[in-house]
Amino acid sequence: MSNPGQPSAGGAPGGNFTPQPAAASNTPGPNASAPPPPATSTTPVPPPVPPQSTTAVPPPPPPPPNNQNLNQIVTDYLLKKGYRRTEEIFRQEVKDLDENGRPRQQGETVSVSEKIFPAGKYLTSFKHYEKWVDNGLDLYKFELGKLMWPLFVYSYLRLVSQGSTGHAKELLSKCRSRFESSRADELRNLQNITLAPHVRENPMAKLYLDNRYVIPINKSLTGHLFYFLERELDQCGAVVLDVLHQYCRLDSVDRGPIEPFSFEAIYRRARNQELDDADIQEGIPGLASTSGVANRDILENQAALKLGPFPLENELRDDVIAELEEEDQINPPKEGVPTLVQEFHTMHPIKKESGDSPQRTDIPYPPSRGRDVVAEMQKVRENRDRFRLEGRTGGVGPGVSVCMFTFHNHLGSFSSIDFSKDQKLVAVGTTESYIRVWTLDGSALRSTLEPEKDLKVNNRRLVGHAGPVYAVAFSDAVTSLERSIYAPNPNPETDSKLLLSCAADGQVRLWSLDTWACLCIYKGHDGPIFSLSWSPHGHYFATGGWDKTVRIWSQDHASALRLLIGHDTPISALAWHPNGTYVFSASDETDKSIRMWSIANGNCVRIFTGHTDYISALECAPNGKILASADIGGNIFLWDIEKATRIKRCRGHGRGGIWSLSFSVESTVLVSGGQDNTVRVWDVNMPAEGNRAPNTQDGDGTIVAAGAPGEKQAGTVSQPATGNSSSGKKKGKEVMITPDQISAFPTKKTPVLKVQFTRMNLVIAGGCYYPETQERDR
């Protein structure tokens, strides 16, 4: 007997179950008949299935993979299986595809060597060689590094020529940072070469391809280089050797390695030796090298300098001229005397030779104030009315006047002296870690503090350092005008407001001369600081110390703005160039060299060598062309800054030290003060032939004489080597005096620590009376 089954989705009976699609409408009408009774079946019934449409739509086919997806799939597969070298080659070839998406094939005109190297090989070869040079000995880095520029240029030109623009752009972007500072112009030119026709048309590219790049290199270093290239043939040697073979010429030179501060370079500069042919021809003929990376730039000391005056701010210039015109109308000059406006244009001419003067954008300064207008006006007046010193004429020197200030009862504790530029104040640093400031005329010192308004003292003591004070320096000052240009208000004060000091505690302190308190402490040096100096225009100052570094600071920053490194021993003396864009530093002990630093970029632009004793003083002439240096051996050297050569040597001081130098306003007369208790005046110009004593040349070609004509005292004094100028029982070595000494002013027993020409060409000097020391030396 059959059992009735479960009703189907469509309500149809049947012993064998077959699902049927649903009707178009699931709602029965009003006349619909009732469904037949369900049939029974012994066969198990499956669960109900959801209704399906009568027409099945096939799914859309997957899109075909594009080239990028295929490349990514292949790359992922190679990395998954560990085929890393194959993946690297595949990735490099994918970067260099033609318009059909296939690897670019080299043309028939391409050389065999270019067919060998894949496009990505040039960048990897450059980076591998760069890493080897940077990790090598410092002595060889300069010469080996000179191969990087031709390797970079010729690799780039090859890539552009063969159409591998992607690889060429990658090479330029990843390697240009190494050459930005030295070859910025050539990089900009190279960046414009992006197509193969550019390589054939660009003038710079044609120069590189039509000429061989000459590279002078030390003979022993040549073997070292080629041993590395053969050893690393697969990594970079093949590419580097091919570039050297195709486009370069290595000139092997039998000498020591050339590097800016190497012994070979310094020795050749000191002796003014002629350049080797390889150094003269270095680089590409017809392509001037102004980058300072060639041997001739180092050996000739010909880096471009800007030694002209620093230009005034335009608004300040206009204000000064307007006030000077009004001053000329109120107080017209005497007949034959130039007006103040004429004198101003002589001091600050508008038109200068291109490249001679720095730009105001080279070094930022704060905006000018009313005080600057008054100061510039007074400087013009003093420059016009000064006592003029034109140097020695006919054996008769100018009538230089010296005002000497002697300090007594100091018990040997004074270590440094400085006078303010308006000749109102003098400051001394002591070995007992304090500073004392006096007025030169004995008047009372001012104070802006309310409790000290009625205090009448002519000296103050500044306490704060924790060691001997080695140097003090007043900020710029000038005598105020007699007439107020801001009437009815008084003129701004133009006297010294700040004082700098440095000491053995490694600190630089900035003191206020209004409140007589420390305003700021500058820290950064490691160890004692031996010298400091204000910039000629204020705001910046330089320090040098035991840590062999020179640091440039601004008074509104607590940390140094420039760190100048290059000396091998501690810094002994500092001096600024008159335009404020360069600073000179001298090193003691074994170094005994003088370096000239650019403040704008921190580079060393000149090196002066020749001293054999401790360099004790430096001074740059107001015309910006001559540098004077002195040592404890009694020698004064005059240097041509542009050529970095020695002009002459002045001798006359005894041994013991020349502690201070100063030039006249015209830069024609030099004054010096030393441990031999004398102030001496020198003619900067070489003495005439008639004034030279016969047979008095020393070994290095410097003219010396026992005495100058008309100066019997200076020529006949026998000065012991200890520095005592008076005749003693033990006769020391006679000091030879060069004929360019104009006059000598001896003191009794006072070594001269400071000499200074004023803006009116008066000389002020200061020293400490040492009776006990002088008697002991006898």
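Predicted model: local features only at pLDDT ≥ 70, side-chain atom pairs only at ≥ 80, totals over all residues.
# Exercises on salt bridges and a β-sheet

E180 and R176 are joined by a salt bridge in which the closest N and O atoms lie 2.7 Å apart.

**Exercise 1.** State whether E180 and R176 are buried, partly exposed or exposed.

*Solution.* Begin with the cut-offs: buried means under 20% relative accessible area, exposed means over 50%, and partly exposed lies in between. E180 has a relative accessibility of 35%, so this residue counts as partly exposed. R176 has a relative accessible area of 18%, and therefore R176 is buried. The salt bridge thus links E180 and R176, of which E180 is partly exposed and R176 is buried.

**Exercise 2.** Identify the partner of R460 in a salt bridge, and name the residues that are linked in a network with R446.

*Solution.* The side chain of R460 meets that of E452, at an N to O distance of 3.3 Å, and R460 is buried, with a relative accessible area of 15%. Turning to the network, R446 is linked through salt bridges with E493, D495, K497 and D514. In the model as a whole, the count of salt bridges comes to 27.

**Exercise 3.** Give the strand order of the open four-stranded sheet, and explain why β4 and β7 each have a side without a neighbour.

*Solution.* The order is β4-β5-β6-β7, and the pairing is antiparallel. Strands β4 (414-419) and β7 (459-463) stand at the edges and have a single partner strand each, so one side of each remains without a neighbour in the sheet. From one strand to the next, the twist averages 20°. Within this sheet, β5 (residues 425-430) pairs with β6 (residues 434-439) in the antiparallel sense over five bridges, and the bridge partner of L425 in β6 is T439.

Note on methods
Residues numbered from 1 in each chain as written. Heavy atoms only, no water. Salt bridge = Lys/Arg side-chain N within 4 Å of Asp/Glu carboxyl O. Buried < 20%, exposed > 50% of the residue type's maximum accessible area, 1.4 Å probe, protein only. Pairing = 2+ DSSP bridges. Helix = DSSP H or I, 4+ residues; strand = E, 2+ residues; numbered from the N terminus. Axes fitted to C-alpha atoms, helices over the stretch in contact; angles between N-to-C directions.
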